[in-house]
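This report goes through one protein model, from confidence to individual residues. Please keep the sequence and the structure in view while reading.

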Amino acid sequence: MDKEVSPASRRIATSDDLEVSTYLEIAKGKKGQQPLPEEAPQAREEAVVIIDFGSQYSHLIARRVRECHVYCEIVPYTASWERVAGMNPKGIIMSGGPASVYEPGAPLAPVWVYQSKLPILGICYGMQVLAHQLGGKVSPSVKREYGHAVLHQNKADAPIFSELPHSLPVWMSHGDQITELPPGFRALAYTESSPIAVMGNGAIVGLQFHPEVAHTPQGMDILRNFLLRVCGLNGSWTPQSFVAQAVQRIREQVGEGRVICALSGGVDSAVAATLVHRAVGEQLTCIFVDNGLMRRDEPHRVAEVFGRNMRLNLLHVNAQERFLGRLRGVTDPEEKRRVIGDEFIRVFEDEAAELGQVDFLAQGTLYPDVIESQTAENSASAKIKTHHNVGGLPAAMHLKLVEPLRYLFKDEVRDAGLALGLPEEMVYRQPFPGPGLAIRILGEVTQEKLETLRACDWIVMDEIKAANLYRELWQSFAVLTDARSVGVMGDYRTYGHVVAVRAVTSQDAMTADWARLPYDVLARISSRIVNEVAQVNRVVYDITSKPPGTIEWE
Ligand code: XMP
């Protein structure tokens, strides 16, 4: 069956359903721009919209754009202009995706993309969408192109290739290709299998390859050329400018309202609280719930940094007994998580009730959480663990959310933390799960086991830091297993706990690999734990990646 559709019969699958000719005129700049809805007030100085067509690499595009110091957000291809207008975008990037443009129902760009007259960069499928909607032709390739290819420029004058060599290695991953350029476009580069590997018409550029992946070594230069030379941006989005804008926004959102924030000791809630504090000062009260499941010294440190140094309104709640009481006899991992999450909400509500009228809850939600929950809503993926965080609070307490980190990646949060003057030790802290040490103690959680694990955890941390490995590991910690083993110390038989050491590398915790720790570091950790922690007589190292394992043991 011939899947190709002639340009004349092709209509754009959008609500406005404009004819292709209208797009062509818009693209050529002949047609007067349709009036766009009024912009939302909170415009960014420089921002780019990434239209997501379902590529595996959409997040990577966002990361790379941010690395060029340009703020960007990913929106679904169904997003309305109203959704993005508030950003005051200065350019549009269309991602790759698994579909074929000529198939019925294939996702296409919404009308506003072309009406806005903004510069557009189409990547892979995004380029095919451009070609298809603007009157060119896309067909299945005779030869699919996956992996490395060498790109050759036709004429070295396109701004997208500014200061780049005539030929460069690129990463391809496509089955379809452009066989006819849309009117007004010219082919800017080719590869052995793709005669039209890059096309352009003024500020509209299509790339058949993926500039966002590491396999395209000069991909960042190409993206930077698009942002700075084609869109004319300055690349002025820095941690400092983020902080200034976030503070401004929080002030506008919160007004005279009162805000509470749950501090966990982790970097996300710390940065969120610090931003809100900078914005509205005394209107913020932070609540730190000491659930008795923290690492050694943790509660003290939180009180020190936030209460004493930053002079934040801090309610330090000692709820150790409440949590340990409810955990008594609980051995099932999911039940532990449920009990801890539930008790957290109760304690938090009790404390908040004492404060009287509260209007907002500040949370350290990050961009990956937002993206993940968007994806999770649409997928039927199996639930592996119930993550305990403050997600259950707003519904229970009828509070409006303040989420200043909602569009940041973890490392950007760290940069913002440094810009806010938070101590490096806090900013570069490894993630620590909400249910704390309870999910690193297999079986029932008792005060005694917590003490044992705290001592082991301290040694692991100490040695990892001494070996200068702390920052390159995603997490490193000890797990108190439910197993006991026989040993010999001096002339005596011992029968003690088995402790597992876990150290992983990861980008985002979605996948992880066990860290190849140097043997001498492992040896020191093992010998110190067995010598310094009386209840433990054996140490093992966890060599399971994720998947199939998870990072935490429960
Ligand atoms: P898993 O064990 O699912 O963990 O591979 C992935 C990442 O999430 C952290 N983690 C949690 N964080 N509440 C949190 O805030 C939780 O309930 C929770 N459980 C796991 C874990 O430490 C790792 O970084």
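**Basis and confidence**

This is a predicted model, in which local features need pLDDT of at least 70 and side-chain atom pairs count only at pLDDT 80 or more, while totals for chains, interfaces and linings use all residues. Residues are numbered from 1 along each chain as its sequence is written, and side-chain values use heavy atoms, with hydrogens and water left out.

The pLDDT is the predictor's confidence in each residue, from 0 to 100. Its mean over the protein is 89, and 89% of the residues reach 70 or more. Over residues 1-23 the pLDDT is below 50, and this stretch has 43 contacts in the model beyond near neighbours in sequence; a contact means heavy atoms within 4.5 Å. Residues 26-43 also stay under 50, with 33 contacts beyond four places in sequence.

**The open sheet**

Helices (H or I, at least four residues) and strands (E, at least two) are DSSP runs, numbered from the N terminus. Nine strands, in the order β2-β1-β3-β4-β9-β8-β7-β5-β6, form an open sheet of 9 strands with mixed pairing; two strands pair if DSSP finds at least two bridges between them. At the edges are β2 (71-76) and β6 (167-180), each of which pairs on one side only. On average, neighbouring strands are turned by 20° against each other, direction ignored. Axes here are lines fitted to C-alpha atoms, for helices over the stretch in contact, and angles run from 0 to 180 degrees between N-to-C directions.

Two helices touch this sheet. Helix α2 (residues 58-67) packs on β1 (47-52), β2, β3 (91-94) and β4 (120-123), and its direction makes about 160° with that of β2. Helix α6 (residues 219-230) lies across β1, β3, β4, β6 and β9 (204-207), at about 155° to β4.

Within the sheet, β5 (residues 137-153) and β7 (residues 186-190) pair in the antiparallel sense over 2 bridges. H152 stands opposite Y190 in β7.

**Helix α10**

Which residues of helix α10 (residues 320-327) are buried? They are F323, L324 and L327, where buried means under 20% relative accessible area, exposed over 50%, and partly exposed in between (1.4 Å probe, protein chains only). Seen down the axis of α10, these residues fall within an arc of 95°, so they line one face of the helix; the arc is that of the directions from the helix axis to the C-beta atoms. They pack against β11 (284-290), α11 (333-354) and α16 (447-466). Just after α10, G329 takes a positive phi of about 80°.

**Cysteines and two single residues**

A disulfide is a pair of cysteine sulfur atoms within 2.5 Å, and by this rule the count is 0. C261 is in no disulfide; the nearest cysteine sulfur, that of C286, is 4.7 Å away.

| Residue | Relative accessible area |
|---|---|
| C261 | 1% |
| C456 | 0% |
| S193 | 17% |
| N537 | 14% |

S193 is found in the loop between β7 and β8 (198-201). Beyond four places in sequence, S193 is in contact with K143, E145 and Q177.

N537 lies in strand β18 (residues 536-541). Leaving aside neighbours within four places in sequence, the contacts of N537 include S485, V486, T494, Y495 and V530. N537 and V499 are 38 residues apart in sequence and 8.2 Å apart in space, C-alpha to C-alpha.
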